[in-house]
Structure formats: C-alpha cells, structure tokens
Amino acid sequence: MVDQRRRFFLRSAQSSQQQPLPWISDSELFTEHCTRCGECQRACEENIIVAGDGGFPSIDFNKGECTFCYECAQHCPEPLFLPETHLPWKQVVSIKDSCLAKQNIECRSCSDACDTRAIRFQHRLGSVAQPEIQISDCSGCGACIAPCPVNAISMEQHP
Ligand code: SF4
Ligand code: SF4
Ligand code: SF4
C-alpha cells in the first residue's frame, strides 16, 4: 500500500501543474501519514488544493496561485508540515518551447502575472521579446501558470 501511495505522490510531483503542498519536505512521511481528511483543502482560501491521484491533496496551479498563507499547514491534524519559517518549497518555473514568444508571437501574460518580476522580457533582433527567468526571484507561487494561453509554463524542482 505504501509503495502505491508513494507512486501517487511522485506522479503528482512530476506532473506539470499538480504539485505537492508547500512545506512538505518528506514525501514518504507525507504518504504514510496523510489521512486524506481534506482539512487543508477546505482551509485554502485560494482554492488551489485539490484531491489528486489516490485522493492525496495536491496543488493545482491551473486554479490559481499560492499566497503562502500557511493555512493548509495550520489546519492539518498530522505532523506533516515544516514550520512556517522554512522555505515552502524548492520549485521554480520553466518555460517550454510551445511558449508563444518562442514561436515569435507577442505575449507577456506570464510576466504581467509575476509580482516578483522573475520573468523578464528581453528584446532580440529579428524576433519578438523573449522571456527569461531569474531563478533567484522565483518563489514558485504559480501565479504565472494559469494566465499562459498555451499552457507553456511548468514547475520544476530546483536542486
Ligand atoms: S499556503 Fe495558503 S494559499 Fe498556499 S496552499 Fe496553503 S492554504 Fe493555500
Ligand atoms: S490536512 Fe493533512 S492529513 Fe488532512 S489531507 Fe491535508 S495534508 Fe493530509
Ligand atoms: S512562479 Fe510566481 S514568482 Fe515564479 S515566475 Fe511564476 S509568478 Fe513569478
């Protein structure tokens, strides 16, 4: 059963838009002790927590962004979440080749959605401006994901 649970977790961690919850550092501990009670899902004011594979809670960035309010962690009855003083996660975005700007079509929707200005557009000779990610400025909030009209932004684990 545990192996099957771990597979569910890893699959959602690898999926482009469904991610593990913030402040979860140990996937094994999570899948062993999460009871799938749904308290975190009900507590999230952004409504971005969904029941993912196997009923385990996952973040769905197609529904919005994480504001790092820590409500999910506070409502969890199990000792699964790191203290709020820790980094919520080590993930940053990457932009796939299906990005409209990479296809030479003007678009800056992701940059417009990014409060920390982690996605900046640089002018290039012979093409429309191209996006560049400043990894150090990306909080992994996911705000840029839903506005992308071609679903070209995915979240990656940052080493
Ligand atoms: S930190 Fe807040 S916004 Fe982010 S998933 Fe948890 S409850 Fe939702
Ligand atoms: S509140 Fe905790 S135990 Fe309940 S589903 Fe969310 S993470 Fe799992
Ligand atoms: S995940 Fe958040 S901080 Fe990172 S590029 Fe997207 S909007 Fe900006």
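Predicted model: local features only at pLDDT ≥ 70, side-chain atom pairs only at ≥ 80, totals over all residues.

**Exposure, salt bridges and ligands**

Trainee: What is the mean pLDDT of the chain?

Mentor: pLDDT is the predictor's confidence in each residue, from 0 to 100. Over residues 1-16 it stays under 50. In the chain, 89% of the residues reach 70 or more, and the mean pLDDT is 89.

Trainee: Which residue forms a salt bridge with Arg108?

Mentor: A salt bridge is a side-chain nitrogen of Lys or Arg within 4 Å of a carboxyl oxygen of Asp or Glu. By this rule the model has 4 salt bridges. In one of them the closest N and O atoms are 3.2 Å apart, and the partner of Arg108 is Glu106.

Trainee: In which element do Glu39 and Arg42 both lie?

Mentor: Helices (H or I, at least four residues) and strands (E, at least two) are DSSP runs, numbered from the N terminus. The side chains of Glu39 and Arg42 meet in a salt bridge of 3.3 Å, N to O. These two residues are 3 apart, about one turn of the helix, and both lie in helix H3 (residues 39-43).

Trainee: Which of this pair is exposed, and which is partly exposed?

Mentor: Glu39 has a relative accessible area of 31%, so Glu39 is partly exposed. Arg42 has 58%, so the exposed residue is Arg42.

Trainee: How many residues apart are Asp137 and Arg120?

Mentor: Asp137 forms a salt bridge with Arg120, with the closest N and O atoms 2.7 Å apart. The pair links distant parts of the chain, since Asp137 is in the loop between E6 and E7 and Arg120 is in strand E5 (residues 119-124), and their separation is 17 residues.

Trainee: Which residues come nearest to ligand 2?

Mentor: A residue is near a molecule or strand if one of its heavy atoms lies within 4 Å of it. There are 13 residues around ligand 2, and those that come nearest are Cys34, Cys37, Gly38, Cys40 and Cys76.

Trainee: How many charged residues are in the shell around ligand 3?

Mentor: Ala, Val, Leu, Ile, Met, Phe, Trp, Tyr, Cys and Pro count as nonpolar, Asp, Glu, Lys and Arg as charged, and the others, Gly among them, as polar. The shell around ligand 1 has 9 nonpolar, 1 polar and 2 charged residues, while that around ligand 2 has 8 nonpolar, 2 polar and 3 charged. Around ligand 3 there are 8 nonpolar and 4 polar residues, and the number of charged residues is none.

Trainee: Is Cys66 buried or exposed?

Mentor: The residues around ligand 1 include Cys66. Cys66 lies in the loop between strand E3 (57-60) and helix H4 (71-75). Its relative accessible area is 8%, so Cys66 is buried.

Trainee: With which residues is Cys72 in contact, leaving aside its neighbours within four places in sequence?

Mentor: Contact means heavy atoms within 4.5 Å. Cys72, in helix H4, is buried because its relative accessible area is 7%. With those neighbours left aside, the contacts of Cys72 are Pro22, Cys40, Ala43, Ile49 and Phe81.

Trainee: Which residues does UniProt list for "binding site" together with Cys138?

Mentor: UniProt positions are given in the numbering used here, feature names are shortened, and annotations may be inferred rather than shown by experiment. One "binding site" annotation, from an unreviewed entry, covers Cys66, Cys69, Cys72 and Cys76. In the UniProt list that holds Cys138, also from an unreviewed entry, the others are Cys141, Cys144 and Cys148.

Trainee: What is the relative accessible area of Cys144?

Mentor: Cys144 is among the residues around ligand 3 and lies in the loop between E6 and E7. Cys144 touches Val93, Cys110, Ala113, Ile119 and Ile153, not counting residues up to four places away in sequence. Cys144 is buried, and its relative accessible area is 7%.

How values were computed. Residues numbered from 1 in each chain as written. Chains lettered and ligands numbered in written order. Heavy atoms only, no water. Buried < 20%, exposed > 50% of the residue type's maximum accessible area, 1.4 Å probe, protein only.
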